[in-house]
Amino acid sequence: MLPPMARALLLFLLALLPRLLFWQATEDRELAWSLCFVGDAPVWQAQAGALAASESSRDENLSRELSLPLRPPAMTWVVSALWDGRADGAWKVRVVFALLGALVAPLLYLLARKRLGERAALLAGVLGALATNLILLSSGPHSEILYLVLLLATLFDQERLREAPTSVAALRWGALHALLCLVRVEHLLTFAALAALLVIARAPRWKTSLGLASAALLVVLLPYQLHALEATRRYQDDGGPALPRNAGRPPQFLDWQPDALARLEATPRCARAATLAFLDATMRTRGARRVTAADFDVLRQAYGALPEPLPTPFVALYGGLNFFLANSKEADGGFSNEALHRPPPLEGGDALYPPGLRDVLPKEGELNLGYPPHLHALRHGYALGFAELTGNPGDALARCGKKLLHAAEGAGGGLGAAGLPVGLGGVRRSVDLATPQQLAGRCASAAWIALGLLGLWRVRRTPSTWPWLAIVATKLAVVLAFFGYARHGALLQPFLILGVAALAAPWFQRDAVRRRVRWAGATLALGMLAYDAQRTLRGAELALDGQRVSAESAAEDRGHRARQLEVSR
């Protein structure tokens, strides 16, 4: 009988093979990501390329992405350390993230051994190795797989702190959770839930453990948090174009009164030039000869908002903005930034404003902090999001239902690099992974989720499995609060796999069943690998919206809009 670590190594290899075969099977193999899941990968590529070339200032949007802590920093650090964004180095990213994804299977096995028994743990490992949506998560530079590996790693110390705590385990546990917050800020909710479990379980020395863990978390987060605060202040004071020397002086400008110039100087630098140009042109259109501080109310009449200071970030600035966008009616349960581009009120009619104003407003997909509605959404996103939810509760409830449906599609799926038995492809929503929409695919996902939840319910009274339930609950809360991504649903799949293994555990007590399952599991794994290997050798075809994808056209798709993806078996 093989020792546990040898079995864990075999599971790692079993998981790595289908990931490599998936990568090589289709025409998008030269990219750093699969067209089945583009996600935010183009963002990481652009940032890595800019950092490698020190040319971030050439593109305003990219310069802002790198100057402001809009997103958590970990993926930028990891991808830029691996890659310079050039096509000839994309293979390194694919290999590293495939290796990361292959770690999920042995981690599931090692986590489940003590709680569910050896046979059930092996089942969890095999399913973790072959689950199609976990293969998709590791098909390129995606934060989800980095997050998932780190999250599973914390659960070993979670159990140590519950049973036999040590100072080293508490410090390591807190530091890992800090790293997770640098990958995904909303992990703070999961950390709070897992910390609460130690209290509820009356773990030995739980006060000391939580004190040390919290200290480690703060120590690891503090340097970047200070950087984020300073970067935000610096961008607010120095970001954006400088005012011309003759700002507010005729004849190029109207006669700006001292109180108006003082109000302009108090405007955040990132919005100052745009405020000057808009207000001067608008007052000129209205026949005014001078601009006073009272005229700044024209900005509110035009846009429904005034330029305000940037919000204070906790690691990243995007939280409130994403909450607003995710709960807007335009999002309809998935990702959309259309709410940023709602027509401004322009009180009094277009004739009171500069001609062609609507033609120069920010275009779709652009975040312009010189445009008051965008700055307002960044600063007051949570208030705006709650207003969307309470303004029409019925529609908000329907959108929450769609979010859960999208997440459920990601939590299910098939097995192997081909997604058997339902296949790959389907609808790929904006910056999300592709999920089958046919009845067979939905039924397979529903069965997977039902078995997983049933198994988790079965072990609900076992304290060692409470962290699995807490993670599922907090991830569902994030889905409901923010975007309804299938990729976030896929983060639940390892814990549903543990639930399936828990459901099967009692059957493995029978000798006859144990022997049959052993052969059935080996046959399944080898059969999947054989099928995936022959599929890779003959090549699988990709089609987007009915158009076959070539190596050249694959690079043109950036995943920004919903597409119908077809993948041959």
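Q: What makes β3 and β4 a pair of strands, and in which sense do they run?
A: In this predicted model, β3 and β4 are joined over two bridges. Pairing requires at least two bridges, so the two strands count as paired. The sense is antiparallel. Within this pair, Val-427 stands opposite Thr-435 of β4.

Q: What makes β3 and β7 paired strands?
A: Three bridges join β3 to β7, and the cut-off is at least two, so the pair qualifies. The two strands run antiparallel. Arg-428 has Arg-563 in β7 as its bridge partner.

Q: How do you know that β5 pairs with β7?
A: Strand β5, residues 542-544, is joined to β7 by three bridges. With at least two needed, β5 and β7 therefore count as a pair. Their sense is antiparallel, and Leu-544 has Leu-565 in β7 as its bridge partner.

Q: Why are β4 and β6 said to stand at the edges of the sheet?
A: The open sheet has five strands in the order β4-β3-β7-β5-β6, with antiparallel pairing. β4 (434-435) and β6 (547-548) each have a single partner strand, so one side of each has no neighbour in the sheet.

Q: Why is Ser-430 called buried?
A: Ser-430 has a relative accessibility of 10%.

Q: What makes the approach of Ser-430 to His-560 a polar contact?
A: A polar atom of the Ser-430 side chain lies 2.7 Å from the backbone oxygen of His-560. The limit is 3.5 Å, so this distance falls within it.

Q: Which residues does Ser-430 touch, leaving aside those up to four places away in sequence?
A: Ser-430 touches Phe-335, Tyr-485, Gly-559, His-560, Arg-561 and Ala-562. Contact here means heavy atoms within 4.5 Å.

Q: Why does Val-422 count as buried?
A: The relative accessibility of Val-422 is 8%, and the limit is under 20%, so Val-422 counts as buried. Val-422 is placed in the loop between α19 (393-411) and β3 (426-428). From Pro-4, Val-422 is 418 residues away in sequence and 33 Å away in space, C-alpha to C-alpha.

Q: How many disulfides does the structure hold?
A: The structure holds zero disulfides. A disulfide would need a pair of cysteine sulfur atoms within 2.5 Å.

Q: Why are Cys-36 and Cys-181 called buried?
A: Cys-36 has 2% relative accessibility and Cys-181 has 0%. Buried means under 20%, so both cysteines qualify.

Q: How do you know that the radius of gyration agrees with that of a compact globule?
A: A compact globule of 569 residues would have a radius of gyration near 25 Å, and the chain has 26 Å, which agrees. Along the principal axes, the C-alpha atoms fill a box of roughly 95 × 60 × 50 Å.

Q: What share of the chain is buried, and what share of the contacts with a separation of 6 or more joins residues 24 or more positions apart?
A: Buried residues make up 54% of the 569 residues. Residues 24 or more positions apart account for 78% of those contacts.

How values were computed. Residues are numbered from 1 along each chain as its sequence is written. This is a predicted model: local features need pLDDT of at least 70, side-chain atom pairs count only at pLDDT 80 or more; totals for chains, interfaces and linings use all residues. Side-chain values use heavy atoms; hydrogens and water are left out. Helices (H or I, at least four residues) and strands (E, at least two) are DSSP runs, numbered from the N terminus. Buried means under 20% relative accessible area, exposed over 50%, partly exposed in between (1.4 Å probe, protein chains only). A polar contact is a pair of N or O atoms within 3.5 Å; within protein, one must be able to donate a hydrogen and the other to accept it, and residues adjacent in sequence count only if both atoms are side-chain atoms. The radius of gyration is taken over C-alpha atoms; the globule rule is 2.2 Å times the number of residues to the power 0.38.
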